[in-house]
Amino acid sequence: MVSERMKGLGTARSVIRELFEYGNTRAAQIGRENVFDFSIGNPSVPSPDAVNETAVRLLREQPDLIHAYTSAQGAADARQRFADSLNRRFGANYTADRLYLTVGAAASLCCVFNGLTCPGDEFIVFAPYFPEYKVFIEGAGARMVLIPPEIEAFQIDFDTFEKALNQHTKGVLVNSPNNPSGTVYSKATLERLAAILTEKSREYGHPIYLISDEPYREIVYPGFQIPWVPHLYRDTIVCYSFSKSLSLPGERIGYVLVPKEVSDGDAVYAAVAGAGRSLGYVCAPSLFQQVTSLCCDMTSDIKVYEENRNLLVTSLREMGYHVVEPGGAFYLFPRTLEPDDMAFSERAKKLDLLIVPGSGFGAPGHVRISYCVQTETIRRALPKFKELADSYK
Ligand code: PLP
């Protein structure tokens with residue numbers, strides 16, 4: 001006997017992975033250059049040279065130390081550098097003992113959900129959303145409550161949100177810039193959210209935590225700003241990752257920040273660390289604790305994402321697609337040209353154009369285009385997008 005839930009998770013691939021694997025099979029048949037794979041969010045720009053140089057230097061200078069275990073929550077010097085960087089950038093006063101380093105944002109979120117969840121707890125998530133949230137939340141024994149998308153701008157449908165809040169709401173998850181829409185929540189949206197959470201926390205007599213999942217924090221386009229969420233709502237817990245900003249998804253490194261001001265902050269931090277221990281997410285990769293903490297004020301050269309976004313938004317609009325302009329990340333989430341996004345994605349697949357149906361992200365009638373690819377690939381794919389649009393005329 002095995003756990004049916006785990007067996008199910010281990011057997012069923014996500015739609016994204018399914019398309020990605022299909023792309024690899026198809027590439028072997030017709031050549032990689034003939035498959036237009038916009039399925040997955042692997043950064044297409046290399047890490048800054050300084051990342052590789054720092055890794056090599058540390059390996060040369062500290063060959064024994066750098067492979068050793070660190071403290072469960074991460075090496076003190078690395079955590080201090082992250083705290084210093086956040087304080088410099090956001091005018092805050094964080095300390096190393098409020099950071100828990102772990103293997104990417106995925107593990108950070110799992111530590112937070114497992115650390116916070118008591119029987120009967122619920123977490124509210126706004127569609128469109130990163131589908132793994134459901135796995136993480138339910139894995140922690142909580143219930144995910146999904147708020148349908150506000151499709152004009154992908155901000156928040158506050159009426160539905162307010163109705164979903166109740167005594168069991170332990171937390172609310174925000175992800176801005178967003179995967180899959182690329183939307184950046186405006187300051188006004190976040191302030192309104194904060195005001196509601198403050199009022200409801202008072203009414204229910206317990207804090208409602210705001211969990212800010214920020215792997216795309218640094219990938220933001222001119223004209224858009226990313227407010228520092230803990231400044232807008234005191235009970236914010238930040239989950240961060242270097243997968244996207246430093247193009248290091250394979251290194252598995254990120255952190256949880258539990259600011260001192262958070263209600264029951266000592267208990268929350270201890271519970272996050274305890275969840276890390278119980279899940280085996282202790283002592284994040286030692287080499288990359290050091291490398292990322294020494295390089296955390298830089299990003300990869302992300303200009304190409306802006307170029308890709310502009311090219312796609314302009315071209316798709318000319319072809320008749322409805323597109324909300326993304327303010328960050330490297331995803332575009334246009335409306336499909338028929339109500340059934342699965343059928344639309346299948347029709348695209350026949351043209352070797354791999355785009356992910358929006359249903360899996362909680363937003364039917366849309367598709368996700370991951371444009372973290374070479375600009376040339378987008379240029380060559382445009383006739384395919386046109387052929388797809390024309391097939392509906
Ligand atoms: N959260 C969001 C919104 C993501 O898009 C991803 C990865 O694509 C993650 C979390 C997980 O990132 P990580 O590689 O840091 O585990």
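This report covers a helix pair, a ligand site and several loop features in a predicted model.

## Basis

The model is predicted, so local features need pLDDT of at least 70 and side-chain atom pairs count only at pLDDT 80 or more, while totals for chains, interfaces and linings use all residues. Residues are numbered from 1 along each chain as its sequence is written, and side-chain values use heavy atoms, with hydrogens and water left out.

## Helix pair α5 and α6

Helix α5 spans residues 104–116 and helix α6 spans residues 132–139. Helices and strands are DSSP runs numbered from the N terminus (helices H or I, at least four residues; strands E, at least two). The two helices pack at an angle of about 35°, with axes 8 Å apart. Axes are lines fitted to C-alpha atoms, for helices over the stretch in contact, and angles run from 0 to 180 degrees between N-to-C directions. The crossing is right-handed, a term for a near helix turned clockwise from the far one by less than a right angle.

On α5, the contact uses A106, L109, C110, F113 and N114; on α6, Y133, F136, I137 and G139. Contact means heavy atoms within 4.5 Å. These residues divide into 7 nonpolar, 2 polar and no charged. Nonpolar covers Ala, Val, Leu, Ile, Met, Phe, Trp, Tyr, Cys and Pro; charged covers Asp, Glu, Lys and Arg; the others, Gly among them, count as polar.

## Ligand site

The ligand is surrounded by 14 residues, each with a heavy atom within 4 Å of it. The closest are A105, D213, Y216, S241 and R252.

A backbone N or O atom of A105 lies 2.6 Å from one. A polar backbone atom of A106 is at 3.0 Å. A side-chain N or O atom of S243 is at 2.7 Å. The protein covers 91% of the 390 Å² of accessible area that the ligand has on its own, by the Shrake-Rupley method with a 1.4 Å probe.

## Backbone geometry in loops

A127 and P128 are joined by a cis peptide bond, with omega near -5°. P128 sits in the loop between β3 (122–126) and α6. The bond from S176 to P177 is also cis, with omega about -5°. P177 lies between β5 (169–174) and α8 (187–204).

S247 is not a glycine, yet its phi is positive, about 55°. Its loop runs between β7 (236–241) and β8 (254–257).

## Q155

Q155 is in the loop between β4 (143–147) and α7 (158–164). Its side chain reaches the backbone oxygen of V184 at 3.0 Å. Beyond neighbours within four places in sequence, Q155 contacts E150, T183, V184, Y185, S186 and T189.

Terms used:
Polar contact = N/O pair within 3.5 Å; in protein donor to acceptor, adjacent residues only side chain to side chain.
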